[in-house]
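Please consult the sequence and the three-dimensional view while reading.

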Amino acid sequence: MITTGQIIRCKAAVAWEAGKPLVMEEVEVAPPQKHEVRIKILFTSLCHTDVYFWEAKGQTPLFPRIFGHEAGGIVESVGEGVTDLQPGDHVLPIFTGECGDCPHCHSEESNMCDLLRINTERGGMIHDGESRFSINGKPIHHFLGTSTFSEYTVVHSGQVAKINPDAPLDKVCIVSCGLSTGLGATLNVAKPKKGQSVAIFGLGAVGLAAAEGARIAGASRIIGVDLNSQRFDQAKEFGVTEFVNPRDHDKPVQQVIAEMTNGGVDRSVECTGSVQAMIQAFECVHDGWGVAVLVGVPSKDDAFKTHPMNFLNERTLKGTFFGNYKPKTDIPGVIEKYMNKELELEKFITHTLPFSEINKAFDYMLKGESIRCIITLGA
Ligand code: NAD
Ligand code: ZN
């Protein structure tokens, strides 16, 4: 059946109100416009960012909306001006993009594209500000330009990574957000040398992906720090060798780690969003060469406070967004790491659900039971 240029009617899980269960609806998905691609989503997973914006406690609510940004699918059709993608391509939609033309895209060091960097407030497409989704003529907002909780979605072509068609989309879909963020924070930014020690603060999906990066880099010790000791058992499978729960100690965790490591870890990666943990992650690295990388998203009014002497003593503090990966240029290479068995993805997938039961994925995440839950569309 030729659908190119036609409106497609399909199922989508629509969030009508903040914090209320998603509702399965039949939506109309308009054809892709200039520089856009329409994708048939086969698998999606739920990430904390979806839950955060669905709860809408800390930001301006934008509803009705179709959430979802971690997914894999196949290009159905492309809009005007799209030359690097065609129907049938296997792709990952990504919440941040690469226009290829701006100073950031031209820089080898940045992935913060001027045109397509993450924008949580936008509910329409960049081209005309309009939504491509509607129900009986009423528009439904997009989320992060991806909206993958729909059997078909429309995405800017700069936010679409074309990947190896042999890669199983039900596994590699998790590469489109959390996995790459943590993995890249370690491999691209902290860059531990073989045999070095790495501390990971926060052992959620992002922290476990950072630990996977440390394992791949050949770290000798991977020290996991979390306030929730229940995370420790799971983290063993990710190569975390030692655990510190700050609540079990009377002294500051920086000091505990310094004592464990003869002066400090070589690298640390913070994946909590807590400003205390960010300060601890910086102050626990070894003087002379230690590098700390911040990944967690802080609260609005947080301030980072440390003594400037900590910098003079040759410690480095960095931060990163999407693991410094450029979505279109670099993500196909992450998929190859999985295909050649360097990167393990299966251990991140703790649950699977049919699309009709998508609300259960929210329950698993809110209870802290899941790392990643894969949702199969068309099921
Ligand atoms: P998560 O909630 O699953 O895991 C966070 C973990 O940190 C939890 O296990 C929690 O117990 C632990 N924690 C909280 N405060 C702590 C503290 N003070 N000390 C030690 N441990 C503490 O979250 P996640 O999905 O893994 O995401 C982690 C962070 O990364 C979040 O802040 C998220 O917003 C952020 N994030 C950043 C990017 C980026 O591009 N920079 C992308 C995605 C997510
Ligand atoms: Zn750009």
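## A buried strand residue

Val154 has a relative accessible area of 0% and is therefore buried. The model in which this value was computed is a predicted one. Val154 belongs to strand β8, which spans residues 152-156.

Apart from residues up to four places away in sequence, Val154 touches Val29, Ala30, Pro32, Glu36, Val37, Arg38, Met125, Arg132, His142 and Gly145.

## Two residues of one loop

The loop between α1 (48-55) and β4 (70-78) contains His69. Ala56 also has its place in the loop between α1 and β4. His69 counts as buried because its relative accessibility is 1%, below the limit of 20%. Ala56, at 13% relative accessibility, is likewise counted as buried.

Once neighbours within four places in sequence are set aside, His69 is in contact with Cys47, Thr49, Asp50, Pro93, Phe95, Phe143, Leu144, Thr146, Thr148, Ser176 and Cys177. For Ala56, with residues up to four places away not counted, the residues touched are Ala18, Pro61 and Phe63. Ala56 and Asp114 are 58 residues apart along the chain, and their C-alpha atoms are separated by 26 Å.

## Helix α7

Helix α7 comprises residues 253-260, and its buried residues are Val253, Gln254, Val256 and Ile257. These residues cover an arc of only 160° around the axis, so they lie on the same side of α7. In an α-helix there are 3.6 residues a turn, so residues three or four places apart point the same way.

The cover over the buried residues of α7 includes β10 (197-201), β11 (221-225), β12 (242-244) and α8 (275-283). After α7 comes Asn262, which has a positive phi near 60°.

## Helix α11

In helix α11 (residues 358-366), the buried residues are Ile358, Ala361, Phe362, Tyr364 and Met365. Viewed down the axis of α11, the buried residues fall within an arc of 160°, and therefore they line one face of the helix.

Among the elements covering the buried residues of α11 are β1 (8-14), β2 (23-29), α1, β16 (349-354) and β17 (372-376).

Which residues come nearest to ligand 1? Of the 23 residues around ligand 1, they are Asp226, Arg231, Val295, Thr320 and Phe322. The shell around ligand 1 consists of 11 nonpolar, 10 polar and 2 charged residues.

Backbone atoms also approach oxygen atoms of the ligand. A backbone N or O atom of Phe322 lies 2.8 Å from an oxygen atom of ligand 1. For Val297, the distance between a backbone N or O atom and an oxygen atom of ligand 1 is 3.1 Å, and for Ala205 the corresponding distance is 3.2 Å. Ligand 1 exposes 870 Å² when taken alone, and the protein buries 81% of that area.

Conventions:
Residues numbered from 1 in each chain as written. Chains lettered and ligands numbered in written order. Predicted model: local features only at pLDDT ≥ 70, side-chain atom pairs only at ≥ 80, totals over all residues. Heavy atoms only, no water. Near = heavy atom within 4 Å. Polar contact = N/O pair within 3.5 Å; in protein donor to acceptor, adjacent residues only side chain to side chain. Areas by Shrake-Rupley, 256 points an atom, 1.4 Å probe, with all protein chains shown as cover. Nonpolar A, V, L, I, M, F, W, Y, C, P; charged D, E, K, R; others polar. Helix = DSSP H or I, 4+ residues; strand = E, 2+ residues; numbered from the N terminus. Buried < 20%, exposed > 50% of the residue type's maximum accessible area, 1.4 Å probe, protein only. Contact = heavy atoms within 4.5 Å. Arc of directions from axis to C-beta.
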